[in-house]
Amino acid sequence: MMLHHVSIVVTDLGRSVAFYRDVFGLEQIARPAFSSVGAWFACGALQVHMIVNPDGTFRRNATIDTTDGHFAFRTDDFEGCIRGLIAKGFREDAPEGDPWRLRLRRDGPAGFPQAYLLDPDRNIVEINGAS
């Protein structure tokens with residue numbers, strides 16, 4: 001067994017495609033002609049799938065709760081990635097609930113640096129540095 005993809009529910013496909021393309025630099029790839037609306041992205045050997053489903057399961061809270069469901073990207077250049085996020089408007093000092101909030105753990109218990117942010121539909125995204 002190995003992980004193939006993560007799937008996230010979104011409400012506005014154009015907005016989400018732009019977010020994952022522009023913030024994380026993901027490349028959109030071909031998606032089969034399903035009856036649902038969505039988009040697929042390549043992410044190394046894995047994929048991120050988006051499905052438009054306004055009635056899907058969404059987080060109600062606009063907070064970054066690291067114990068709630070999330071998925072993680074790994075980068076070999078953690079500090080460069082953080083500088084890029086800050087250049088795009090994310091901030092550590094943004095108040096809780098602000099969509100531009102960035103939570104950082106440079107020396108956390110996981111043994112590698114971690115950053116957390118929210119996508120436009122409040123999905124929690126972690127970015128961690130290769131150990």
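Just after H1, Gly-25 takes a positive phi of about 70°. This is a predicted model, in which local features need pLDDT of at least 70, side-chain atom pairs count only at pLDDT 80 or more, and totals for chains, interfaces and linings use all residues. Residues are numbered from 1 along each chain as its sequence is written, and side-chain values use heavy atoms, with hydrogens and water left out.

Q: What makes the reach of H1 close to the expected one?
A: The expected span is 1.5 Å times one less than the number of residues. H1 (residues 13-24) has twelve residues and reaches 16 Å from first C-alpha to last, against 16 Å expected. Helices are DSSP runs of H or I with at least four residues.

Q: Why are the buried residues of H1 said to line one face?
A: Buried means under 20% relative accessible area (1.4 Å probe, protein chains only). The buried residues of H1 include Leu-13, Phe-19 and Val-23. Seen down the helix axis, the buried residues fall within an arc of 165°, so they line one face. The arc is taken from the directions from the axis to the C-beta atoms.

Q: How do you know that Asp-119 has no salt bridge?
A: A salt bridge needs a side-chain nitrogen of Lys or Arg within 4 Å of a carboxyl oxygen of Asp or Glu. For the buried Asp-119, the nearest side chain of opposite charge, Arg-15, is 7.0 Å away.

Q: What makes the pair of Asp-119 and Tyr-20 a polar contact?
A: A polar contact is a pair of N or O atoms within 3.5 Å, one able to donate a hydrogen and the other to accept it. The two side chains make such a contact at 2.7 Å.

Methods:
Helix = DSSP H or I, 4+ residues; strand = E, 2+ residues; numbered from the N terminus. Buried < 20%, exposed > 50% of the residue type's maximum accessible area, 1.4 Å probe, protein only. Lys, Arg positive; Asp, Glu negative; His and termini not counted.
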